[in-house]
Amino acid sequence: PLVHDKWTVRDGDWKLILPRNRQKAKVFPKGQLYNLAADPSETKNLIESELLKAEQLRTLLAARLSRR
């Protein structure tokens with residue numbers, strides 16, 4: 001779903017937030033990835049260290065958007 005100017009998707013404990021327009025994104029242009037079980041306050045962005053999980057969630061988001 002679209003929240004403000006960002007796309008979000010959750011899968012289990014994981015949450016991915018992507019900017020709608022990466023070229024205009026000044027903060028977190030690559031997006032944000034959080035493990036909500038370990039970090040419920042979303043303070044540690046894991047987008048760089050959990051590349052596989054980020055890609056899995058990007059694929060999930062793309063599939064959901066294509067069904068709209």
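1. Strands E2 (residues 6-11) and E3 (residues 14-19) pair in the antiparallel sense over six bridges, where two strands count as paired if DSSP finds at least two bridges between them. Helices (H or I, at least four residues) and strands (E, at least two) are DSSP runs, numbered from the N terminus. Within this pairing, Lys-15 of E3 is the bridge partner of Arg-10. The hairpin formed by E2 and E3 has two residues between the strands, and Gly-12 there takes a positive phi near 65 degrees.

2. This is a predicted model, in which local features need pLDDT of at least 70 and side-chain atom pairs count only at pLDDT 80 or more, whereas totals for chains, interfaces and linings use all residues. Residues are numbered from 1 along each chain as its sequence is written, and side-chain values use heavy atoms, with hydrogens and water left out.

3. As to confidence, pLDDT is the predictor's confidence in each residue, from 0 to 100; the protein chain has a mean of 87, and 81% of its residues reach 70 or more. Confidence is lowest in strand E1 (residues 2-3), at a mean of 51, and highest in E4, at 97, a point to keep in mind when reading the strands.

4. Strand E3 also runs antiparallel to E4, to which four bridges join it. Across this pairing, Lys-15 stands opposite Tyr-34, while Trp-14 has Asn-35 of E4 as its bridge partner.

5. Which residues of E3 point one way, and which the other? Trp-14, Leu-16 and Leu-18 point one way and Lys-15, Ile-17 and Pro-19 the other way, and all are buried, that is, under 20% relative accessible area, with exposed meaning over 50% and partly exposed in between (1.4 Å probe, protein chains only). Because six of the six residues of E3 are buried, this strand is largely enclosed by the rest of the structure.

6. Strand E4 (residues 32-35) sends Gln-32 and Tyr-34 one way and Leu-33 and Asn-35 the other way, and all are buried. In a regular strand the side chains alternate between the two faces of the sheet.

7. For the protein chain as a whole, there are one helix and four strands, in the order β-β-β-β-α from the N terminus on. Of its 68 residues, 34% count as buried. The chain exposes about 4,900 Å², of which carbon and sulfur atoms supply 52% (Shrake-Rupley method with a 1.4 Å probe; for residues, only the protein chains shown count as cover).
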